[in-house]
Amino acid sequence: MSKSAIQIETRGLNVSFHNSPVLKDINIEIPAKQLTAIIGPSGCGKTTLLKSFNRLLEIQEDVKISGEIIVDGKDIMTSGLNVPDIRKKMGLISQKPYPLPMSIFENVAYGLRIHHGKNPKKVEEGVHHCLQEVGLWNEVKDRLHDPASRLSVGQQQRLCLARAIAVKPEVILCDEPTSALDPIAAQQIERLLLKLKKDFTVILVTHTLRQAKRVADYVIFLYFGMVVEHGLADQVFNDPKSPEMKAYLSGEIS
Amino acid sequence: MLASLAIVIGSLILIVSVIVLNGASSLSLEMLTQTSEGSFYLGSGGGFLNAIVGSLLLALPATAFAFIISVCIAMYLQKEFIPSRFSSFIRICLDIMWGIPSIVYGVFALTIMIALGLHGGSVLFGIFALTLLEIPIITRSVDESIKVVPHGLKESAYSLGSTRFETSLHVVRRQAMPGIVAGILLGFGRGIGDAASILLTVGDSNYFPTSVLDQTAALPTIILNLAGMPEKTVQNKAYAVAFVLLLIVLSISILTRYFTKKSSKYIIK
């Protein structure tokens, strides 16, 4: 991997909740403009790793984080940084979609307004563009001012994606974005992520191995809070080195 | 189950019907449109429009002040701002404040009033006592509704790069709106109906107050005065006033339902 293409790098990252360690000495590099899948059994720290990239863990209590997380060459764990600016670079799509308690239009306009100016015409164009981008425009163009909660779960997830890209992030963090969706909606999201990796670095936490195999360029395998194996998807899936990864691939552990 | 239902509904119907039967018959248009005359308490004519206005002038500003203070406290009580061991301590304090009898707030306001050299009561100190009375009620109600805002929703707002302030103002506020509305109206309902806290602080008057330092009549205090009179016709006036107060509280409760429903349109479940 060429050095310029690294989006996020962690050095000796440790995270603990209530004094029990969740992530132990994580050292990884995540390539830019590619789709990186974080896989591993439930409860092994996948989501925690994902949420450490935009310092989202800090809004919970009793979290201790140490080590470096380098984004664009700068350690985001340095104290005194403006945290909203760090988060702005990373959109988050969570397991269950949480639209904001506003209309469909306002959901997308929210991020545009707080970061890119309030000019009504530009906001309107931006909303249109982002909804087009996630394939939601035609479905909602006649009811833009309806509450977002009236959309189906699959539509809500795509709305969350539109809302995230409206902020113009560099990275899109996805925390099992398809696990609450029906197969068709899930496929739509997968296709979108593949499309979006042209412009964004996509990091996908998933516990379905098949999904990782379908979409990932790069894979990080976590096991009990440690990175057991990471590398190009082909290499990890076809030629696993560690016994844990082999067991996970063969379905002995899931 | 039936017995508890019967006790609750029975006592409600009993109270309301006694007030309506006695109140509605002695209520006249004159009473609603005129201010009190000299010996209103002794059975002469006039009305209690000054007390209706007085009550609103006490309860509306008190609710506004209490609301502003309460929302700030409630927002600040959330775990993004202070550690939960502090917030739970503050919550206990608020619950104790909620339990303090309102006469104590009245005496407290009176003590300050006397210390400042003011005598005889004023609208200002009535508002002060009512504000104190309403703060714990509104704060706890708003606090509860903010506390149940889903964590995932807050995460969504934060990961869009909103600051804590923007998240509270634009996202948490909207999600908690029904609880906030309910809190305001709960506080107002308590404020307008409470007699003890204003008994010692607002004095009495036959006229509309023209400044915040004027004395004023208020619905709960004139009920107290009228009901204590020996004459039956005067006592019935107390029922008439109670009837008006009941109508005000009832309309607040209807308003609460309407606004709660309206503001829950965008809520994320």
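Predicted model: local features only at pLDDT ≥ 70, side-chain atom pairs only at ≥ 80, totals over all residues.
**Figure 1. Chain A and its overall size.** Along the principal axes, the C-alpha atoms of chain A take up a box of roughly 55 × 45 × 35 Å. You'll find 10 helices and 10 strands in chain A. Of its 254 residues, 46% are buried. Looking at contacts with a separation of 6 or more in chain A, 68% join residues 24 or more positions apart.

**Figure 2. Chain B, built with helices and zero strands.** Chain B has 11 helices and no strands to go with them, so reading from the N terminus its elements simply go α-α-α-α-α-α-α-α-α-α-α. The box around its C-alpha atoms is roughly 70 × 55 × 30 Å along the principal axes. Buried residues account for 43% of the 269 in chain B. Among the contacts in chain B with a separation of 6 or more, 76% are between residues 24 or more positions apart.

**Figure 3. Where chain A and chain B touch.** Here 26 residues from chain A meet 27 residues from chain B. On the chain B side, the elements that supply two or more residues are helix H7 (151–159) and helix H8 (164–193). H7(B) is the top contributor to that side, with eight residues. Sorted by class, the chain B side comes to 10 nonpolar, nine polar and eight charged residues.

**Figure 4. A closer look at H8(B) and its kink.** How far apart are the end C-alpha atoms of H8(B), a helix of 30 residues? They are only 37 Å apart, short of the 44 Å that a straight helix would reach at 1.5 Å a residue. Look for a kink of about 65 degrees at Met177(B), shortly before the proline Pro178(B). H8(B) is also mostly covered, with 21 of its 30 residues buried.

**Figure 5. Inside the largest nonpolar core.** In soluble globular proteins, nonpolar side chains tend to be buried together. In this model, the largest nonpolar core has 140 residues, and the ones touching the most other members are Ala162(A), Leu58(B) and Val241(B). Helix H6 (residues 123–147) of chain B gives the most to this core, 13 residues.

**Figure 6. The surroundings of Leu58(B).** Setting aside neighbours within four places in sequence, Leu58(B) is in contact with residues including Val123(B), Gly126(B), Ile127(B) and Leu130(B). Ile198(B), Val202(B) and Ala218(B) are in contact with Leu58(B) too.

Definitions and conventions. Residues numbered from 1 in each chain as written. Chains lettered and ligands numbered in written order. Helix = DSSP H or I, 4+ residues; strand = E, 2+ residues; numbered from the N terminus. Buried ≥ 20, exposed ≤ 12 C-beta atoms within 10 Å, placed from the backbone. Contact = placed C-beta atoms within 7 Å. Nonpolar A, V, L, I, M, F, W, Y, C, P; charged D, E, K, R; others polar. Expected span 1.5 Å × (residues − 1). Bend = angle between axes of the 7 residues up to and from the residue. Core = buried A, V, L, I, M, F, W, Y, C linked by C-beta atoms within 7 Å.
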